Amino acid sequence: MDSHSRVRAALEGGKLDRPPAGAWGHTYREEWNSEHLAQVTVDRARRLGWDFVKFQPRATFFAEAFGNRYQPSGHRLRAPLLEHAAVPDLESWGRVELVDRAVLDEQARAVGLVARELGESVPVIQTVFSPISVGDYLVGRDKRRLIRDLRQHSDVVLPALERVQDALIDFARKSVEAGAAGVFYAISGFATPDAMPAAVYDNLVFPMDQRIIESLPEAAWFNVVHLCGSHINMDVGRRLPVQAVSYSVHNAGNPSLGEARRLTGKAVMGGLEQRGVLVVGPEEAIEEQVRSAIAETGGERLLLAPGCSVPPRARESNLAAMMRAAAAA
């Protein structure tokens, strides 16, 4: 099977020669130039033999589009440095608007460059943060204040997040038109009772998630919801019209891959410990996690991957070991 067929079969529960596999992580230096980012993405995908590419755009571009300002750290292992947060106080929510559409369009073009270079045999999906995840960046990564403002002043915060939502819908559509096979919709630490009760999430946040996914073009056939964090609410994955659910089985209170597949009725993406064995090894531990993921699922409706973004300090030899173990499955 080629990678495209392998991914399709995994999503649809079809017959597989082996589970598809891929990984992703930030390249902080190259991210500041979309062409450099596209090239390093293509090079890594070819070198490592990824079956799919989850495009990893610049870490801060969604927030830049709505007024945050950053400077590059100048170090390949360090994220950009925040200079200005667009929402320093409650009143600032009323002024949130799309101020830099070009930064979104740039990343849509970049995913198109990757898709064209790799061709139809390797599907590429675009990263799209959820509105509340973007909001987290706009307040300077202060989740407690964001959730407090949302719950106590939803009449002020929700209209701002809905403006973010509208821009994300446009960005996702442009990314698919550029060649992306779908989106990797990232909900970063909010779809969990650790952040807010499920009923609050359902009432205030989930409708925006749903609108974005339901607005995707018909050509988007490979859509993944990423539930980041511990004790995640798998019902969010069940209800969103996506083909797969990505999460970390190694975070506290999260279900096994087999249980997540049963709870959601979707394919599952994950199995590898992104901050553990994929960073430090050894190769035997990576192989064991691959075998464990396949054993939990019978290798069906499974996409082998890290539970979240792999830190840039991870050795490439560890990512290669993951792919060898997947190929030997």
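Ala, Val, Leu, Ile, Met, Phe, Trp, Tyr, Cys and Pro count here as nonpolar, Asp, Glu, Lys and Arg as charged, and the others, Gly among them, as polar. The model is predicted: local features need pLDDT of at least 70, side-chain atom pairs count only at pLDDT 80 or more, and totals for chains, interfaces and linings use all residues. Residues are numbered from 1 along each chain as its sequence is written, and side-chain values use heavy atoms, with hydrogens and water left out.

**Exercise 1. Describe the largest pocket: its volume, its lining and the classes of its residues.**

Solution. 
- Step 1: On a 1 Å grid over the protein atoms alone, a cavity is a set of points where a 1.4 Å probe fits but cannot get out; a pocket is an open set with protein on both sides within 12 Å along at least five of seven lines; lining residues have an atom within 4 Å of a point. Grid points are joined across faces, edges and corners, and a volume is the space filled by probe spheres set on the points.
- Step 2: take the volume. The largest pocket holds about 810 Å³.
- Step 3: list the lining. It has 38 residues, and His26, Phe129, Tyr137, Arg141 and Ser309 lie nearest the centre. Elements giving two or more residues are helix H3 (61-65), strand S4 (124-129), helix H5 (131-138), strand S5 (182-188) and strand S6 (224-228). Helices (H or I, at least four residues) and strands (E, at least two) are DSSP runs, numbered from the N terminus.
- Step 4: sort by class. The lining has 21 nonpolar, ten polar and seven charged residues.

**Exercise 2. Describe the second largest pocket in the same terms.**

Solution. 
- Step 1: the volume is about 310 Å³.
- Step 2: 18 residues line this pocket, with His26, Thr27, Arg44, Arg76 and Pro312 nearest its centre.
- Step 3: H2 and helix H14 (316-327) each give two or more residues. H2 has the largest share, four residues.
- Step 4: the classes are seven nonpolar, three polar and eight charged.

**Exercise 3. Find the largest cavity and what lines it.**

Solution. 
- Step 1: one cavity of 30 Å³ or more is counted. The largest cavity holds about 100 Å³.
- Step 2: its lining includes Trp24, Thr27, Arg44 and Trp50. Helix H2 (residues 34-48) gives the most, four residues.
- Step 3: the lining has five nonpolar, four polar and two charged residues.

**Exercise 4. Trace the surroundings and backbone of Arg141.**

Solution. 
- Step 1: Arg141 is in the loop between H5 and helix H6 (143-152).
- Step 2: check the backbone. Arg141 is not a glycine, yet its phi is positive, about 60 degrees. Most residues other than glycine have a negative phi.
- Step 3: look at the side chain. Its charged end sits over the ring of Tyr137, 4.1 Å from the centre. The rule asks for NZ of Lys or CZ of Arg within 6 Å of the ring centre and within 35 degrees of the ring normal.
- Step 4: follow the ring. Tyr137 forms one aromatic cluster with Phe61, Phe62, Phe129 and Phe171. Rings of Phe, Tyr and Trp (its six-membered ring) pair if their centres lie within 6.5 Å. Eight aromatic pairs are counted.

**Exercise 5. Give the strand order of the open sheet and find its edges.**

Solution. 
- Step 1: the seven strands run S1-S4-S5-S6-S7-S8-S9, with parallel pairing.
- Step 2: strand S1 (53-54) and strand S9 (302-306) are the edges; each has a single partner strand, so one side of each has no neighbour in the sheet.
- Step 3: check a pair. Two strands pair if DSSP finds at least two bridges between them. S6 and strand S7 (residues 244-246) run parallel and are joined by three bridges. His226 has Ser246 in S7 as its bridge partner.

Technical notes: Rings of Phe, Tyr and Trp (its six-membered ring) pair if their centres lie within 6.5 Å; planes under 30 degrees apart count as stacked, over 60 as edge-to-face and the rest as tilted.
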